[in-house]
Amino acid sequence: MTKHYIRMSGLGGQGVVTAAQILGNAAVKDGKNAVGNPFFGAEKRLAPAESYVRISDEAIYDAGEIVYPSIIMVYHPDVITMGKSYTMPFFSGIQQGGVIIVNSAFPMEFIPEDVERLHELRVTVHFVPAIEISRTETGTELSTNVAMLGALVGLTGVVTYESLDEALKERFGGKTKFVASGTTAVLDDAVRKQYGKAEKLMAANSAVLKASFDQAVAAAGAGVEV
């Protein structure tokens, strides 16, 4: 039996809500059950935003906030350094042997108390240059959330790469459109204007996903148990 409890913490406009929806869809394509829940206050860019994704081989009966995540994804360093999170400290509730993935081009230094607690829990921390990957592949930061998803799958294998890529293409190129909030709709419009046609958008996102996934697979054993 496999269960994953994933908490995504980021800032408004980073696509945290969209990433959760794509991940849940990918899990379903893999024959698993998935439940996703967004959580945010005022729809304002750079305000705290969180999403929760439960993935299991069995039926899922609970929903809402994930208090004890097995995986935490931090989409912006400000979640840690500035406390821009609904959950403090940022690793609150992390399970024994859990995984933390941080969007940062360089390893971050945590305060001694946090290091001690994470060490006790045998938590592994991975730093992923998601913004840089998005910029390299597309020239913008608009696919940072896609880079984070690629890293997640490359490091943990919570879903297959093939299902994630298919879910990604459905999200941005399919006839059906999932809109979680007004901010998400505005971000979608900005992304589409940046790339013009849907085909270009899908190709750009797939390139980001592949680059991030490949980097994560190559670095999978290089996580830091702090």
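Analyst: A residue counts as buried when its relative accessible area is under 20%, and as exposed when that area is over 50%, with partly exposed in between. The model is predicted.

The part to look at is helix 4, which covers residues 130-138 and includes Thr 138. Thr 138 has a relative accessibility of 16%, so it counts as buried. A polar atom of the Thr 138 side chain lies 2.6 Å from the backbone oxygen of Ser 134. The backbone oxygen of Thr 140 is also by the Thr 138 side chain, 3.2 Å from a polar atom of it.

Ser 134 has a part in the packing of helices as well. Together with Ala 130, Ile 131 and Ile 133 of helix 4, Ser 134 meets Thr 144, Ala 147 and Met 148 of helix 5. Of the residues in this contact, five are nonpolar, two are polar and none is charged. Two packed helices are described by the angle between their axes and the distance between the axes. For helix 4 and helix 5 (residues 144-156), the angle is about 115° and the axes are 8 Å apart. The crossing is right-handed.

Side chains of opposite charge can pair when their charged atoms come close. Arg 135 forms a salt bridge with Glu 141, at 2.2 Å from N to O. Arg 135 is partly exposed, because its relative accessibility is 42%. Glu 141, at 40%, is partly exposed as well. The model has eight salt bridges by this count.

Notes: Residues are numbered from 1 along each chain as its sequence is written. This is a predicted model: local features need pLDDT of at least 70, side-chain atom pairs count only at pLDDT 80 or more; totals for chains, interfaces and linings use all residues. Side-chain values use heavy atoms; hydrogens and water are left out. Helices (H or I, at least four residues) and strands (E, at least two) are DSSP runs, numbered from the N terminus. Buried means under 20% relative accessible area, exposed over 50%, partly exposed in between (1.4 Å probe, protein chains only). A polar contact is a pair of N or O atoms within 3.5 Å; within protein, one must be able to donate a hydrogen and the other to accept it, and residues adjacent in sequence count only if both atoms are side-chain atoms. Axes are lines fitted to C-alpha atoms, for helices over the stretch in contact, and angles run from 0 to 180 degrees between N-to-C directions. A crossing is left-handed if the near helix is turned anticlockwise from the far one by less than a right angle, and right-handed if clockwise. Contact means heavy atoms within 4.5 Å. Ala, Val, Leu, Ile, Met, Phe, Trp, Tyr, Cys and Pro count as nonpolar, Asp, Glu, Lys and Arg as charged, and the others, Gly among them, as polar. A salt bridge is a side-chain nitrogen of Lys or Arg within 4 Å of a carboxyl oxygen of Asp or Glu.
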